[in-house]
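Subject: Handing over a structure, with notes

Dear colleague,

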Amino acid sequence: MTSFDASPQPNVWRALLALAVVFVMLATTGWTTLRHQRRPAPLQASLSAWEHGRLDGHRLPDPQSAPARLARFFASLTEGQRADLARRYPLAVGNMNGAPVQLRYRANRIALGQARRVESERVHDSRLTASGQQQAARRLDRFEALMRPGRHVLAFDPAGSGRVAEVFGDLRRAERVSVVVPGVDTDLLTFQRTRREHSAPAGMAKSLYAAERAAAPSTRTAVIAWADYTAPSGLGMDAATAMRAEDGALRLDALVRGLPGIAPVSLFCHSYGSVVCGVAAHRLPERVTDIAVAGSPGMRVEKASQLHTTARVWAMRDADDWIQDVPYLELGGLGHGADPVAAGFGARVLSAREAKGHAGYFEPGTDSLRNFAGIGVGAYRAVSCADEDDACRAGLSGTTPTGRA
C-alpha cells in the first residue's frame, strides 16, 4: 500500500475510499474481464507467413528478434528485396521494430489498402446487422483517412479495436524525437477526431509538432502519435490495474529501441499513458531523456526515484482535471500509486495554466503545450513551473536542442 502519512488511521480511510471508488466504477461501468487479448488474426497470419518464408532460398530472421538484429538484416538487402518483403508480408514488416522507417510506411499503406477492401465488402454485407454495417463504415472511413497523402503510419493492426502509430516530421533526420502516449479509450476509431481534435492521439501529436517547430525552428523534430498498445476501455477494472500498462510498456520499449539514429527521445504520457510510462521507465534505453506526465492517476511508484530511470521526470495537472479526485494509492493491485505532482514525489512540476481539463493539455495557446514543446526541443530554461520558485528548472543548464542538460 502507498503510505501517505505516519498515522495509520488516515491510511485505512484512504484504502476504504479507494475500494469504494472501485466498486462504484464496477457498478456503473461493468466488470471488465481480466484476460489476455487474443493475438490479432491478420497480424498473426502475416507473422506466421514471414516465419515460414524464404528470401533467395534463405530463411527470414525471427520477427521477434531485437530491433538491432532486424535493422542489420534489412540493411543487408537490396531496395528491391526490401520492397518485395513489404509486398509479401505488409503487416509483419509494417509493425517490425528495426525495419527501415520508409519501408514500414510503405508496408502499412499496403496493409491499410487490404483492410479497406475488407471493410468495403462488410459495409454492403447483408449478413451483418445495421449496427455491424455502421461499424464497418466507420472503420472504412478511418482506413481511408490514414491513407491520405502525407500521412506516415509507423504501425498498424486492424484486428479488434485496432492499433496505430503515426509520425509527424522526418523521423530519420530528427535531432529530437517526441512520443505521445495516450490513455484510456484509445483505439483505431478514436485515434483522431474532428471535434475536440487535440484530445485524440493524432491531434495531440500534430499540435505538439507545430509547437516544437515554433519553439525551435532550427531544430529538426519528429513526433509520434503512439496508439500501438491495447488501452483500457472506460474506467473499469482494466483502468484501475496495471495489466494493460505492462503489455504497453513492453511495446513502448520495443518502439524506442527500434527508432532510427541516436536522437534524444522525450515521452509525453497522458492519463493512463503515464501508467504505461511508469511501468516502462526502468527498462527504457538512456536515449529517453525526459518523461513528462499530464493528468496522471499515478506511475505505480511512491517516488520518482523508484522509477529507476536516467530520464528527467516532469509532471503537470490542470486545476480543473477530475483525475485529482481519484485516490492516489495502490492496494492489492488496484490504483497506481502516489500523485506525480505532489511535493514528495520528486518530479519537476510544470504549469498547466489554461489547459482544458483532463483532455486539454495539448490545446494550442496553453502553458501545458508550451512546456511540452520546450521539453521536446530541449529548451529547459524556457519551461514555466507550477510554483513561482522555479523549482522545476533547478539544476538544468539551459537550452540543449540535441542532448541532455
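Predicted model: local features only at pLDDT ≥ 70, side-chain atom pairs only at ≥ 80, totals over all residues.

Residues are numbered from 1 along each chain as its sequence is written, and side-chain values use heavy atoms, with hydrogens and water left out.

A nonpolar core here is a set of buried Ala, Val, Leu, Ile, Met, Phe, Trp, Tyr and Cys residues joined through side-chain atoms within 4.5 Å, where buried means under 20% relative accessible area, exposed over 50%, and partly exposed in between (1.4 Å probe, protein chains only). The largest such core has 60 residues, and Trp 50 and Leu 85 touch the most other members of it. Helix α8 (residues 201–215) supplies the largest share of this core, six residues; helices (H or I, at least four residues) and strands (E, at least two) are DSSP runs, numbered from the N terminus. Another core, of 48 residues, lies apart from it and includes Tyr 105, Val 181, Ile 291 and Leu 307.

Val 180 belongs to strand β5 (residues 176–181) and is buried, with a relative accessible area of 0%. If neighbours within four places in sequence are left aside, the contacts of Val 180 (heavy atoms within 4.5 Å) include Met 204, Leu 208, Trp 226 and Phe 362. Although Val 180 and Pro 201 are 21 residues apart along the chain, their C-alpha atoms are separated by 7.1 Å.

Asp 125 sits in the loop between α6 (101–123) and α7 (130–146), and with a relative accessible area of 17% this residue is buried. The side chain of Asp 125 reaches the backbone nitrogen of Arg 127 at 2.9 Å.

How many disulfides are there? If a disulfide is taken as a pair of cysteine sulfur atoms within 2.5 Å, the count comes to two. One joins Cys 269 to Cys 277, with an S to S distance of 2.1 Å, and is left-handed, with -90° about the S-S bond. In the other, the sulfur atoms of Cys 385 and Cys 392 are 2.0 Å apart, and the torsion about the S-S bond is about -85°, so this disulfide is left-handed. Counting bonded cysteines along the chain, the pattern is 1-2, 3-4.

With best wishes

How values were computed
Polar contact = N/O pair within 3.5 Å; in protein donor to acceptor, adjacent residues only side chain to side chain.
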